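Let me jot down what I look up, one stop at a time.

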Amino acid sequence: MSGSPYALRAEGVRKVFGSNEVLTSASVWAKSGCVTTLLGRNGSGKTTLLRVAAGVLRPDQGVVAVDGVALVPAKLHELATRGVMFLPQGRLLVPSLSVAEHFRAIATTFGGSHVDEAVDAAGVESLMPQRAETLSGGEKARVSLALAMARAPRVLLADEPLVGLAPVDQERLGQLLRLLAAQGVAVVTSGHDTPILLSISDEIIWSAAGTTHHIGSPEAAQKHDQFRREYLGPGYRMS
Amino acid sequence: MLWACFRVAAVFGGYEVLVLFADLEGTARPSALPMGSVRLGAALAFLVAGVTLAEMARRSELLFLANLGWSKGRLAATALAICLGLEVCVQLILVW
């Protein structure tokens, strides 16, 4: 282990798509046992930043480091061997495979010691025979997160895992993310489901205008004038 | 992850095209085909493999594999090994 406090860190990321500079200099990090949440308006570059951190997109500038060791270029399959898991927006499942086959793939690769616990925690036992393409949005989200739990990663990067879900499913998945953090996983998430995300987070990073601002705790975020004005909006009630 | 490899091994479909040409042209086996047909079959094989990979990427299947530590190169190499294995089997059947 290195002396770095970050299990994973993407630093100074710049990313340009054609003539559109989505990120100018943005950073995100993952700390063991913490849920770090990226908040920001649509188009602020949250997904791009997470995809760079996950080694899915190559940045034009910036570096991705695991335990303080820079990987150039970072690639997801290499990060995966270092304990990183990435849940993309729109879930992770292969449509033609059953839920059970997904868990089998995880168990074959990483060992199956956490599968039962994950299946129980996410309540997906009854879905095991079903093909992924037959699942509802909420079921796909639960199965995806259960797969992450079964894999027992060191770092989980989850891009908008709560989007489009019923409040009861958001609550359940939020608890699962907290459970993962309690087990020592470094969780990074994003989204717009602000009340639930603030309630499960330890740290907030604000993504705006191509860069990121470390806001601090959820309490600090709710008291941050500029963040309140430009992201939460005047109608937001502090919890 | 043989499931994924077999999907990429849809490149084998290109080989099946060769077999089809062989039937159409009355030859006993693909190795007896004229080079033009072989090239066409190979081109179709690459096309099928490319379309399969693109479809897997579109449906985030490659992301699932990458999360398991599988690179595209490893996937392609395993698929190629499967193709070669299947080719040997088909050749043996045709010879018999």
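My notes on the chains, their contact and a helix pair follow.

**Ground rules.** I am working with a predicted model, where local features need pLDDT of at least 70, side-chain atom pairs count only at pLDDT 80 or more, and totals for chains, interfaces and linings use all residues. Residues are numbered from 1 along each chain as its sequence is written, with chains lettered from A and ligands numbered from 1 in the order in which they are written.

**Chain B.** I looked up the secondary structure and found five helices and zero strands (DSSP runs numbered from the N terminus, H or I of at least four residues for helices, E of at least two for strands). Of the 96 residues in chain B, 28% are buried (20 or more other C-beta atoms within 10 Å of their own, C-beta atoms being placed from the backbone). I also checked contacts (C-beta atoms, placed from the backbone, within 7 Å): among those in chain B between residues at least 6 apart in sequence, 74% join residues at least 24 apart.

**Where the chains meet.** Chain A brings 15 residues to the contact and chain B brings 13. On the chain B side, helix 4 (residues 61–67) gives the largest share, five residues.

**A helix pair in chain A.** Which helix axes come within 9 Å and cross at roughly 20°? I found helix 3 (residues 99–110) and helix 5 (residues 137–151) of chain A (axes are lines fitted to C-alpha atoms over the stretch in contact, with angles from 0 to 180 degrees between N-to-C directions). That angle makes helix 3 of chain A roughly parallel to helix 5 of chain A (under 35 degrees). Among the residues making this contact are A:Phe103 and A:Ile106 of helix 3 and A:Leu147 of helix 5.

Terms used:
Contact = placed C-beta atoms within 7 Å. Buried ≥ 20, exposed ≤ 12 C-beta atoms within 10 Å, placed from the backbone. Parallel < 35°, antiparallel > 145°, perpendicular 65-115°, else oblique.
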